[in-house]
Amino acid sequence: MTTQELVSQINLKKSFLCIGLDVDLTKIPQHLLRLNDPIYEFNKAIIDATHHLCVAYKPNTAFYEAYGINGWQSLAKTINYINEKYPEIFTIADAKRGDIGNTSTMYAKAFFDDLAFDSVTVAPYMGKDSVEPFLAFKNKHTIMLALTSNEGAFDFQTKKVDDIEIYKHVLETSKSWKNSENLMYVVGATKAEYFKEIRKIVPNSFLLVPGVGAQGGNLQDVCKYGLSENIGLLINSSRGIIYASNSENFASAAAEKAKELQLQMEILLQ
């Protein structure tokens, strides 16, 4: 999917919502556990109920890898279902991969070629030669960690080198990499006060923003400084939507929560 196609979907749906499909078998409705593939059945119900309210889905691969080969198969079935039934949806493999040279190429092949995701999250700590292999794939996007919403972000990301925070060095340096136009960035919603500075460095890049809702991030604060000329934001909500209910009405409850965010976004886009 191209960036323009993503922008078109945002304008069409009046939404820049991304729904995180982080499936924990201890939290999903118990009646699903009787089915052959409860993870997939849970995802399928959520997707069918919310696809018209969001523009992206983001499975965090850890929630699938934890269940071994069965979990990986559930992930493959989920992404295949989205691609076949709702091909207009932007898909994100939240895998936070990153390694040198050929290893990164193989990670990229796994998510872009085999699973056919539109994008994958990548950790930049190892530098250019760990990220550029992902950027080499046409019409695929690499979403690089820039400033995260966890407490440990302050251990490194906001430390200063030559009187400039490390996350700013990461953003600035990444713009010089080959095919950097395929880069997006992860910026946590709980760091809303940083968006103004980030937009000075990457004014038009898309930012994937986790942390709205369950982690305490505020949508209005993020949009105040984060919205760009081409919208440039994907706001992710995971637990706040998919676990809105653990009863048999879980999918409709998820749709209600997604609708609440979509309506807020529609107002902000006016």
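Biologist: Where is Y125 found?
Modeller: Helices (H or I, at least four residues) and strands (E, at least two) are DSSP runs, numbered from the N terminus. This is a predicted model, in which local features need pLDDT of at least 70 and side-chain atom pairs count only at pLDDT 80 or more, while totals for chains, interfaces and linings use all residues. Residues are numbered from 1 along each chain as its sequence is written, and side-chain values use heavy atoms, leaving out hydrogens and water. With those conventions, Y125 is found in the loop between β4 and α6 (128-135).

Biologist: Is Y125 buried or exposed?
Modeller: Buried means under 20% relative accessible area, exposed means over 50%, and partly exposed lies in between, with a 1.4 Å probe and protein chains only. Because its relative accessibility is 78%, Y125 counts as exposed.

Biologist: How many strands make up the closed barrel?
Modeller: Two strands pair if DSSP finds at least two bridges between them. The barrel runs β1-β2-β3-β4-β5-β8-β9-β10 with parallel pairing, and the number of strands in this closed barrel is eight.

Biologist: Which residue in β3 stands opposite Y57?
Modeller: Strand β2 (residues 56-58) pairs with strand β3 (residues 90-97) in the parallel sense, over two bridges. Opposite Y57, the residue in β3 is T91.

Biologist: How far apart are the closest N and O atoms of K58 and D94?
Modeller: Side chains of opposite charge can pair when their charged atoms come close. A salt bridge here is a side-chain nitrogen of Lys or Arg within 4 Å of a carboxyl oxygen of Asp or Glu. K58 is buried, with a relative accessible area of 5%, and D94 counts as buried at 6%. These two form a salt bridge, and the distance between their closest N and O atoms is 2.8 Å.

Biologist: Where in the chain do K58 and D94 lie, and how many residues apart are they?
Modeller: The salt bridge between K58 and D94 links distant parts of the chain, with K58 in strand β2, D94 in strand β3, and a separation of 36 residues.

Biologist: Which residues do salt bridges that share partners join into one network with K168?
Modeller: K168 forms a salt bridge with E165, at 3.4 Å between the closest N and O atoms, and K168 also meets E197 in a salt bridge at 3.3 Å, N to O. The latter pair links K168 in helix α8 (residues 166-174) to E197 in helix α9 (residues 195-201), 29 residues apart. Through shared partners, K168 is joined into one network with E165, E197 and K200.
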